[in-house]
Amino acid sequence: MNHYKTKMNGGNIAVDDTILVKNIEACAGSKMLTGFKPLFSAEVVTQLEAKGYKTAGKTHVGEFGLDLLGEFGFGVETDGTLKGAAADLVATGEVNAALAVDMNGAPRRAAAISGVDFLKPTYGTVSRYGVISCAASGEQVGVYAKDAAGIQEIMTVIAGHDEKDGTSLKNESYDYSFQPVAGKKVAVVKELLEKADEETKKRLSTFADGLRAKGVTVEEISFSLFETANVAWQILMTAETCNNISRYDGVKFGHRAKEYRNIDELYVNSRTEGFNFLTKAVIMYGSDVLSKNRYEACYDKSLKVRRVISEKFEELMANYDAVLTPATSKTTYEAYDIHDAFKKVFEESVFTALANLIGTPALASGGVQLVGKHFSEGLLLSLADAAKKEGK
Amino acid sequence: MNYELVIGLETHVELSTESKIFCSCGGHSAAKEPNDCVCPACSGMPGMLPVMNKHVVELAVTAGLMLNCDINRYTTFDKKNYYYPDLPCAYQITQLNHPICTNGCVNLKTSAGARDIRIKQIHMEEDAGKLVHGGKYSYVDFNRTSVPLIEIVTQPDFRSAEEVVTYLNKLKSMFRSGGISECEEGAMRCDVNISVRPEGSEEFGVRTEIKNMSSFEAIEKAIRYEAQRHMDALEFDTEELVQETRRFDDASGKTFAMRNKETEADYRYFPDANLMPIIIDDEWLEKIKANKPAAVDEKAEDYRLAGISDKEIDMLISNNKISKLLDDIVAMGANAKDGAAWILTDCAGILRKDGKTLNDLVITAEKLYAVIKMVDNGDISRNAGKKILIAVVEQGVDPVTYCKEQGLDKKFDVSAIEAVVDKAIAENPQSVEDFKNGKVKALQALFGACMKELKGAGDPAVIKTLLEAKLK
C-alpha cells in the first residue's frame, strides 16, 4: 500500500496531511479540500527544516483525523486489518519519525497497533500554526518514533513559543531529557483495564513488570472519570470540528459541486459531495450540542466537566507520577463499515480522550499508554524507555 | 391618544487601527482593488490562527471610559455561526458572554433638556467582507473582512428620533476626538430597535428592528416612518404588529419586513478556543486611561469657559491632534483663548498659503509655547512672533535661537534703540530741521528710518518717546 499522499525527495520525517507544507496539496484526508495548496508551511515543519531535517512526504490521514487510525485515507491490509500510514512508515523503518495531529487519539491508537511510540504533548507547548484545525481546544501536533529517544530528539526541535498561535504558551523551550525512574509511582486504572482484551492486558502487565524491575511502584486504582471525560470531549470535539470545518463551503477553494441553482444549493451540494459519512455525523452531532436548546445541557456542561476532571486528575497526580492505561481495547482492528465509525471511534476514545480534554501529555508506547501531569513528558519518556529496556 | 416612542440602538463603529483585528493586514480603506488587503488568516484559509491585536482592546476600553462604562478585566471571544459568502470562515468572531465594557451612560442635551442614555454594553468583533454583483456572477471582496469593530448597545432609553441623532453625532464627535474612529461614511452603522406605547404606560409595545443603516438622515427618516406605522396600527388597526426585522428603503422612505429565514437563525454561539481570555490588569488600564483624551463634553465646556468661540471649539473637538496641542500649551502656561488663536488663526494661515490644512501641522507644544511666551513676556512684538512662527512651522527652527539670529528680540532694548535713534537723527538733518520748523510729518520719516534699521523689532512707543525727547 502507498503510505504517501505526496512523496517528496530525500527526507526522513513524514508529515501527516493535516499539517501544511508550503505549495504541497493539503487535504486533511478530505475531498472537500481537493487542490488546496497552502502558501506557507506549518511552524513545526519550518522549525524542523531550520534544523536541517527534510520532509519525506505527506502521509494519508482519515478525513480531518476523525477516524480510528487514519485508515480511511490509507486502506485495508491484505489480512483485513487496519493501520495508520504514518505509524506504519515508522514501524517499517522507512522514516525516522513522523508528525501527526492528535485530536481524538487516532495517532496514539495507530502507534499502539503498529508497535511504535507516539507522544501527544502538553496543550500549548507545540505550535498549531499551519495545522488544519478541527478541535482547537484539545488538538496538538505530536511525534511518532521507534522509541522514546527518537521522540525526544524531534520534540526538542518543534516545542516552544510561537507568536502566530494565540494558544501557544510563552516558554521558549522544554526539558525532555531522561530522568531516574526508581521510586516513581504509576497507577493502573482498573475501569480501563476492564475494557481491554486479554492480549492488550498482557501487554500492559509486561509493561508494568518492566517498570517494577526498574524500581517503579505500579498499583491498580479506581478512577472512573476517563469515561466522563470521553463524553465531554466528544461533545466539545464535535462542536469545535463542526464549526472549524464550516469554512469548507465550496466558495473559496477546494471542492465545489457542479450542479447548483443558488448559494444555498452551492453550500449543500458541495458539502454533501465533499465530506464522508463520519464527518457528516460529527457535523450533525456538533451542530446539535451547540443549538440553543441543547447548549447549556451539552456544551456548557462539558466545559464545566472539563474543569472538574482537570482538578480531579490533579488530585490523583498528587499521589502518582503517571497513569498507565491501554491505548486501544485490542491489538488489531478489522475493517468495518463507515456507518459504524462514529460509535467505534467513540468507544475506543475512552482511553485517549481525557488527555485531549484537559491538555495533559500522553505517550503511546509498547502498545499501551502513559498519561501524566502537564509538562511531565520527560518523565513519561523515561518510564517508557525503562519499561522497554527491561522487556528486551 | 398620545403615544411614546421607545428606541434602543446597536451601533457598529469601525476602529482606527493600523491593522485588522486578528492579523497584520493594514490599510483596507486605502485598498484600490478588491482583495488587495487580504492574507491567509483573514480569508479563512486552513492552518491560520487569529492573534489578538492589542490596540483594538485599548480603543474599545477608551470608548468604554468615554461612555462611563465599567471595564471588564476578564473578557473573552465567542464564535457566531452563519453561512454567507462574504464571511470566509462561516463564523464571525465576536463577544457574547464576557463583553469588554458594560453599564455605561451618555448625557444628551436636546431641545427636551438633558437626558441620560444608558449603555448596556460595548463589545469587540470582526467585520465581514462584501459581495459585488455583476452580470452572471457574484464576486467576493475580503478587504473589509476582520476589520475591527466595536458594537455599542444602549438600553431602550431614546424617546425621539432627535435624541437618536443627537446621540449619534455625539458618539461621532467623541470617537473622532478620541482617535477611536474616523467615523467616515459607512464606518458607523446602526440597528434600531423601536416600539410605541401609550403615554404613561410602563409596558413595552411590540418591537421591530430596522437593520444596518449608515446615514443619520436615513436613520431619522426610518424612525419617523416606523413610529408612524406603529401608531397607525395601534390607533386605527391598520395592521397587526409583529416582532420582526425590517430594512429601510431609502428611495421610498419606507421600511419592509425581511424574510423570516434571516431573522430566526440559531447562531450557535460558543467560546473561541483559539483566543485566550484577555486579562486587563491595573497597569494596562492605567496606561490606557493616561492616554485617553479628556471627555469631550468636559473639554468643550472648559474651552467655552476660557472664552473660545463655538466655531473654534468645533474645530478643536473634531481634531484630536490640535486639541491636544492646545491642552499641552495651556498646561505649560499659555492662555487658552490666545493659544487657540495662535493655532487656529496663525498656524492655519501659514499652512493655507501652501494649500495645506491643520492636519498637516508639524510643531511641538514646546516650540509653540516658546513663541507665545516671548510675545507674552514682551520680549518681542506679536508681529515678530508671527515671523518666528512661520519659520518654526515651515522649517522647524528653534524659536529662541531663530529670534536671536534674526535680531527680533530687541524690542525693548532701550540702549540699542537709542543708538539707532541717534543715528537716524545724525543721518537725516533735513528731517530734523523740518520737524523743528513745525512739520509734524517729518517725525514719521525719522521714525521710519529707525524701524528700518531695527528690522521692525523695535517697540514703536519706545522709538517715538526717544525721538521726541531727543528732538526737543
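Which residues of helix α11 (residues 341-348) of chain A are buried? In this predicted model, they are A:A341, A:F342, A:V345 and A:E348. Looking down the axis of α11(A), these buried residues fall within an arc of 140 degrees, so they line one face of the helix. Among the elements covering them are α3 (106-114) and α9 (277-290) of chain A.

Helix α8 (residues 320-332) of chain B is built from 13 residues. From its first C-alpha to its last, α8(B) reaches 18 Å, close to the 18 Å expected at 1.5 Å a residue. Buried in this helix are B:I322, B:S323, B:L325, B:L326, B:I329 and B:V330. They cover an arc of only 155 degrees around the axis, which puts them on the same side of α8(B). Turn to the face pointing away from that buried side, and the exposed residues B:K321 and B:A331 show up. Just after the helix comes B:G333, with a positive phi of about 130 degrees.

Just after α2(B), B:G179 has a positive phi of about 65 degrees.

Glycines are not the whole story on positive phi. Most residues other than glycine have a negative phi. Even so, B:C183 has a positive phi near 50 degrees. This cysteine sits in the loop between α2 and β11 (188-198) of chain B. B:C183 counts as partly exposed because 19 C-beta neighbours lie inside 10 Å. Chain A has a case of its own: A:F375 is not a glycine, yet its phi is positive, at about 65 degrees. A:F375 is found in the loop between β11 (368-372) and α13 (377-391) of chain A. With 17 C-beta neighbours inside 10 Å, A:F375 also counts as partly exposed.

Next comes the packing of nonpolar residues. In soluble globular proteins, nonpolar side chains tend to be buried together. The largest nonpolar core here has 187 residues, and A:A98, A:Y144, A:L324 and A:L383 are the ones that touch the most other members. Helix α7 (residues 225-244) of chain A supplies the largest share of this core, 9 residues. Leaving out residues up to four places away in sequence, A:Y144 touches a list that includes A:A86, A:V90, A:A98, A:P107, A:V116 and A:F118. Another core, of 31 residues, lies apart from the largest one. Among its members are B:A370, B:I380, B:I388 and B:V393.

What about the place where the two chains meet? Here, 25 residues of chain B are in contact with 32 residues of chain A. On the chain B side, 17 of these residues are nonpolar, 5 are polar and 3 are charged.

A:Y299 belongs to helix α10 (residues 296-316) of chain A. A:Y299 is buried, since 24 other C-beta atoms lie within 10 Å. Setting aside neighbours within four places in sequence, A:Y299 is in contact with A:I235, A:A239, A:V289, A:L290 and, from chain B, B:F270. A:Y299 and A:G286 are 13 residues apart in sequence, and their C-alpha atoms are 9.2 Å apart in space.

The other residue, A:G130, is in the loop between β5 (117-120) and β6 (140-145) of chain A. Though it sits in a loop, A:G130 counts as buried, with 29 C-beta neighbours inside 10 Å. Beyond its neighbours within four places in sequence, its contacts include A:I19, A:F40, A:V45 and B:G47. A:G130 and A:G274 are 144 residues apart along the chain, and 22 Å separates their C-alpha atoms.

Key: Residues numbered from 1 in each chain as written. Chains lettered and ligands numbered in written order. Predicted model: local features only at pLDDT ≥ 70, side-chain atom pairs only at ≥ 80, totals over all residues. Contact = placed C-beta atoms within 7 Å. Nonpolar A, V, L, I, M, F, W, Y, C, P; charged D, E, K, R; others polar. Helix = DSSP H or I, 4+ residues; strand = E, 2+ residues; numbered from the N terminus. Expected span 1.5 Å × (residues − 1). Buried ≥ 20, exposed ≤ 12 C-beta atoms within 10 Å, placed from the backbone. Arc of directions from axis to C-beta. Core = buried A, V, L, I, M, F, W, Y, C linked by C-beta atoms within 7 Å.
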